[in-house]
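Please give me a brisk report on this structure. I am new to it.

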Amino acid sequence: MSQQKVDKYKKEKANREKQIKKKRIKKIVSVFAVAIVFAFVIGIFLGRTVYNVTVERRKATATVKAEAIDLWMQEQWSANYSELWGDAASNTDAVMDQVINLDDVNDASASDAN
């Protein structure tokens, strides 16, 4: 039995360097993997925070071009109010016709008064 123990010890001693290298490599790989996961988690947190801050700043300093507002107003008018008030050109024509008719009435009443 003691010869078996001696043979076992010799085998372990011969493989000791390989085992130590394997342990070191496993330790380095595990530390590297943990570091990558840790960096990934922190990166997601920081990235999301930076994104939210920039979005809020953009919303706070947002500018709109006058052309965009004008286009939006035209679309809203045509979609919601054009049926109520009609076309602006036809309204202008109707108002002008009424003004002309009032001028005729005023001219006629002025000539009757003379």
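By about how many degrees does helix 1 bend at Arg16? Helix 1 bends there by about 50 degrees; the bend is the angle between axes fitted to the seven residues ending at a residue and the seven starting there.

The model is predicted: local features need pLDDT of at least 70, side-chain atom pairs count only at pLDDT 80 or more, and totals for chains, interfaces and linings use all residues. Residues are numbered from 1 along each chain as its sequence is written, and side-chain values use heavy atoms, without hydrogens and water.

**Layout.** The chain has three helices and zero strands. Helices (H or I, at least four residues) and strands (E, at least two) are DSSP runs, numbered from the N terminus. Helix 1 has 59 residues and reaches 83 Å from its first C-alpha to its last, close to the expected 87 Å.

**Confidence.** The chain averages a pLDDT (the predictor's confidence in each residue, from 0 to 100) of 79.

Where pLDDT is low, the predicted coordinates should not be read in detail.

**Surface.** Buried residues make up 0% of the 114 residues in the chain. Buried means under 20% relative accessible area, exposed over 50%, partly exposed in between (1.4 Å probe, protein chains only). Helix 1 is hardly covered, with a buried count of zero. Ile44 lies in helix 1 (residues 2-60). Ile44 is partly exposed, because its relative accessible area is 44%.

Key. Expected span 1.5 Å × (residues − 1).
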